[in-house]
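Subject: Structure handover

Hello,

Here is the structure for you to take over. My notes on it follow below.

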Amino acid sequence: MDQLAQRSRVRRSMQLYARALELIPGGTQLISRRPARFACGVSPVYAARAKGARFWDVDGHEYIDWTSGIGSILLGYCDPVVDEAVREQMALGTIYSVNHELELELAEELCRTFPCAEMVRYARCGGEACAMAVRIARGVTGRDRVLVCGYHGWHDWYLAANLEGEENLAAHLFSGIEPIGVPRALRGTALPFAYGDAGALEALLHSYRGEIAAVIMEPLRSRLPPPDYLPEVAAMVRDAGALLIFDEVSTGLRYGLRGAQGLVEVVPDMAVLAKSLSNGYAMAAVVGKRACMEPAARMFISSTYWSETLGLRAALTTMREARRRNVPAQLAEVGHELMQRLNRAATAADCPVRCEGVPFHPHLLFDVPAEQQRLLSTLFIQEMAKRGCHGYTSFYINGAQQQPELQQTETAAREVFHLLAGALRQGSLQQLLECELREEPFRRLVT
Ligand SMILES: Cc1ncc(COP(=O)(O)O)c(C=O)c1O
């Protein structure tokens, strides 16, 4: 690490990371922020500040941020309207010994926005809110088993899926997650199912008839579901006497002003919201139908900071601004143009890559043998970072990304695709590498 830090273009980032490894197990709080997920030694690891669509690292480089705070930024960094509302609230106090009316205002806004929402509970993070929704579902149904599809955070109830085999979550998250510290007694309580395969879900519901409390799933991420899939899921879950929970933590208001459930026109029993709800301030919510949510009054679900007002105020303002600015339409337009520009750049360079997926969250697919995938994605991230574009091979669109960002990214991609195509032809890709190969990225549902 020391040698790497000395030679690196992000020297201060690497020095800080070396210090972090001594102080913080794993170095970072979120796995997706680990340098090994990007081009370690070339990509920035520590930010100094951010504004709009961009951030500046501790080495003084400026970047367009195509990961949008790993999905937590919807409108853009330091949005003036949200930040002003937060500042006003801060002057009134951030937390009290009693409650604040903002809890009700935000609950009313959530109920106006998400079709399934009739009652609301708050949390601060996505994983925590998923754990809350699952607790409520188990409490309501009196059943223990949960079927899962997608990524739902770090808690015991979810990682229990890997007690029966470390590859159980491979298709939902990534391969080889050891469920260290998760009680073995939870074995068999969380069972993953494959996205898009209604037959597989039906078989599981049949095998565990009368035992399934909930089916929790990401309704979509970077591709639209097959047309009848989610209505079929909803009908099967209802017939099994279980509850359907949509995890809309990452999608939030990106896909439409009524959330992913509005887009796919399936109303779940509950939905979980977090990242992208409050433009970078910590806030999460479980929303759901009255019949599911009301019994939570008797369950022990309680925490001091769930009433902290900055998150409440940020979420309320972000939701209102998203509607006022019609942010989902704006994101769709920018994402669509990004895909067009990247595909044009790939064609011009004769590089075997295409950009596809839903416009709100497009991703690159390299048409090369499996053993070259990691090398190409590492090189893409490395070369784009050197040209002021930070990200993975997938893109989280936010409301501050506009023409200058699209233009700069296309120019960078033209150069990078040209470089990669040439090296592919000459068999010299490896020689371009200035860092270790990146670790396997989150697989999530599709990317
Ligand atoms: C769908 C989904 N659920 C849950 C989580 C966990 O959220 P958090 O990191 O806020 O705990 C994430 C985070 O990326 C997510 O994408």
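Predicted model: local features only at pLDDT ≥ 70, side-chain atom pairs only at ≥ 80, totals over all residues.

Helix H3

The buried residues of H3 are Val82, Val86 and Gln89. They sit on the same side of H3, because the arc they cover around the axis is only 60°. An α-helix has 3.6 residues a turn, so residues three or four places apart point the same way. The face turned away from the buried side of H3 carries Pro80, Glu84, Arg87, Glu88 and Ala91, which are exposed. The buried residues of H3 pack against H11.

Helix H4

H4 (residues 102-113) is a helix of twelve residues. From first C-alpha to last, H4 reaches 16 Å, close to the 16 Å expected at 1.5 Å a residue. Leu106, Ala107 and Leu110 are the buried residues of H4. These cover an arc of only 105° around the axis, which puts them on the same side of H4. Leu104 and Arg112 are exposed, on the face of H4 turned away from its buried side. The cover over the buried residues of H4 includes strand S4 (119-123), strand S10 (284-288) and helix H11 (309-324).

Helix H8

In helix H8 (residues 229-239), Leu230, Val233 and Val237 are buried. Their arc around the axis is only 55°, which puts them on the same side of H8. Arg238 and Asp239 are exposed on the other side of H8. Among the elements that cover the buried residues of H8 are helix H7 (198-207), strand S7 (212-217), strand S8 (243-247) and helix H9 (259-264). Gly241 follows H8 and has a positive phi, near 70°.

Domains

The domain assignment of the protein gives domain 1 as 2-75 + 326-432 and domain 2 as 80-324. The C-alpha centres of domain 1 and domain 2 are 28 Å apart. In the contact there are 15 residues from domain 1 and 19 residues from domain 2. Helix H12 (residues 327-349) gives three residues to the side of domain 1 that touches domain 2, the largest share. By class, that side of domain 1 has eight nonpolar, seven polar and no charged residues.

Ligand

There are 14 residues around the ligand, and Cys125, Gly126, Gly127, Val249 and Ser250 come nearest. Helix H5 (residues 126-141) supplies three residues, the largest share of the shell around the ligand. By class, the shell around the ligand has five nonpolar, six polar and three charged residues.

Gln6 and Ala348 are 342 residues apart along the chain, and their C-alpha atoms are separated by 37 Å.

Regards

Methods:
Residues numbered from 1 in each chain as written. Near = placed C-beta within 6 Å. Helix = DSSP H or I, 4+ residues; strand = E, 2+ residues; numbered from the N terminus. Nonpolar A, V, L, I, M, F, W, Y, C, P; charged D, E, K, R; others polar. Expected span 1.5 Å × (residues − 1). Buried ≥ 20, exposed ≤ 12 C-beta atoms within 10 Å, placed from the backbone. Arc of directions from axis to C-beta. Contact = placed C-beta atoms within 7 Å. Domains from an automatic or database assignment.
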